[in-house]
Amino acid sequence: MKTTDTPPSGPATGASGVPEQRTGPVVAKVPAPPAKSSEGQVLNVFSHGILILWALMVVLPLFWAVMSSFKSDTDIFNTPWSLPDSLDFDSWGRAWSQAHMSEYFLNTVLVVGGSLVGTLVLGSMAAYVLARFEFPGNRFIYFLFVGGMSFPIMLALVPLFYVMDNMGLLNTIHGLILVYIAYSLPFTVFFLTSFFRTLPTSVAEASIIDGASHTRTFFQVMLPMAKPGLISVGIFNFLGQWNQYMLPTVLNTDPDRRVLAQGLVELASSQGYKGDYSGLFAGLVIAMLPVLAAYIVFQRQVVSGLTAGALK
């Protein structure tokens, strides 16, 4: 019987003796996602619980103040935690007219509006020069602004009062605007300097090559690119200037030029004689509304500006 030898199993060879490569679908192995540990889950629950507790501590007093502004004085004392039966705007009218909140509100808008514009314009110009140009004394000027952030305003109140008095700026709106600008410039320059450093230099160089001056490059090219940073630092300055109480109290003793913070303190001190607590809550809500509205409208820009300034 003649037997046929079977070739050993192995890769097929071609005519040249080189093993042929077999082609076929390659299935990639996707690693399974790592399972969450029990410690990570406990930490996640704990952090979310802390955030929820913090949110309740912030939101509930604000909600209670808004709710009490629509109640009468009797309802505030008898049922302080219940919702108002109807929306009563009488307390809002008393706070707006009788407590002179309308005048204080207008003075605050003028002071904060003028100081905010001046702070952003001067601060952005100084920050752009410190971030983009190298010159003798650059770092010294930058650290001078940074040092201004650590200087307590209480130490400068007495000399600031005499300086403002000698310049004839006491009890004036424009005097408060200048003081607010000087008070807010250190943080503004510090924040925007790091932000301008993250912007691409190729855009500014291209505009210079096209014949634009440094002033035109700053206002028409670089400043629009820095919009997120301007909005972020503008919100922080707005919050600090709107709630400022110490500076206007020392530098502004004229009753006709008081700001909202002074008006609220005056309204609160008068409650021991009048007992208009619903009007006090209404005045408090009137002072809070612009701040809450500004943050709600620009909260996305604030977050994007902070993250953009932190990355390089």
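Trainee: Let's start with the charge over a ring. Which residue lies over the face of Tyr142?

Mentor: That's Arg197, at 5.3 Å from the ring centre. Keep in mind that this is a predicted model. Tyr142 also turns up in the surroundings of Thr193, a residue of helix α7, which covers residues 173-198.

Trainee: What does Thr193 touch, not counting residues up to four places away in sequence?

Mentor: Thr193 touches Ala127, Leu130, Ala131 and Tyr142.

Trainee: Does Thr193 count as buried or exposed?

Mentor: Buried means under 20% relative accessible area. Thr193 has 0% relative accessibility, so Thr193 counts as buried.

Trainee: Okay, now rings. How do I read a pair of them?

Mentor: A pair of aromatic rings is described by two things, the distance of the centres and the angle of the planes. A search of the whole structure turns up 18 aromatic pairs here. Take Phe70 and Phe89: their centres are 5.2 Å apart and their planes make 85 degrees, an edge-to-face pair.

Trainee: Where do Phe70 and Phe89 lie in the chain?

Mentor: Phe70 is in the loop between α1 (38-69) and α2 (73-78), while Phe89 is in the loop between α2 and α3 (90-98). The two are 19 residues apart, and the pair links distant parts of the chain. Phe70 is buried, with a relative accessible area of 13%.

Trainee: What kind of pair do Phe77 and Tyr277 form?

Mentor: Edge-to-face, with 5.4 Å centre to centre and 85 degrees between the planes. Phe77 sits in helix α2 and Tyr277 in helix α14 (residues 277-310), so this pair ties together parts that are 200 residues apart in sequence.

Trainee: Is Phe77 buried or exposed?

Mentor: Phe77 is exposed, because its relative accessible area is 57% and the cut-off for exposed is over 50%. Tyr277 is partly exposed, at 32%.

Trainee: Which residues form one aromatic cluster?

Mentor: Tyr128, Phe133, Phe196, Phe218 and Phe219 do.

Trainee: Let's move on to helices. How do I describe two that pack?

Mentor: For two packed helices, you give the angle between their axes and the distance between the axes. In our model, helix α4 (residues 101-132) and helix α12 (residues 260-269) pack at about 155 degrees, with axes 8 Å apart. That angle makes α4 roughly antiparallel to α12, because the cut-off for that label is over 145 degrees.

Trainee: Which residues of α4 and α12 meet?

Mentor: On the α4 side you have Met101, Tyr104, Phe105 and Thr108, and they meet Leu260, Gly263, Leu264 and Glu266 in α12. Sorted by class, this contact has five nonpolar, two polar and one charged residues.

Trainee: How many helices and strands does the protein chain have?

Mentor: There are 14 helices and zero strands. Of the 312 residues in the chain, 33% count as buried.

Trainee: What share of contacts between residues at least 6 apart in sequence join residues at least 24 apart?

Mentor: For this protein chain, the share is 73%. Ala65 and Leu284 are 219 residues apart in sequence, yet 7.7 Å apart in space, C-alpha to C-alpha.

Trainee: What is Ala65 in contact with, leaving aside its neighbours within four places in sequence?

Mentor: Ala65 is in contact with Phe281, Leu284 and Val285. Its relative accessible area is 5%, so Ala65 is buried.

Terms used. Residues numbered from 1 in each chain as written. Predicted model: local features only at pLDDT ≥ 70, side-chain atom pairs only at ≥ 80, totals over all residues. Heavy atoms only, no water. Phe/Tyr/Trp six-rings, centres within 6.5 Å; stacked < 30°, edge-to-face > 60°. Helix = DSSP H or I, 4+ residues; strand = E, 2+ residues; numbered from the N terminus. Buried < 20%, exposed > 50% of the residue type's maximum accessible area, 1.4 Å probe, protein only. Lys NZ or Arg CZ within 6 Å of the ring centre and 35° of its normal. Axes fitted to C-alpha atoms, helices over the stretch in contact; angles between N-to-C directions. Parallel < 35°, antiparallel > 145°, perpendicular 65-115°, else oblique. Contact = heavy atoms within 4.5 Å. Nonpolar A, V, L, I, M, F, W, Y, C, P; charged D, E, K, R; others polar.
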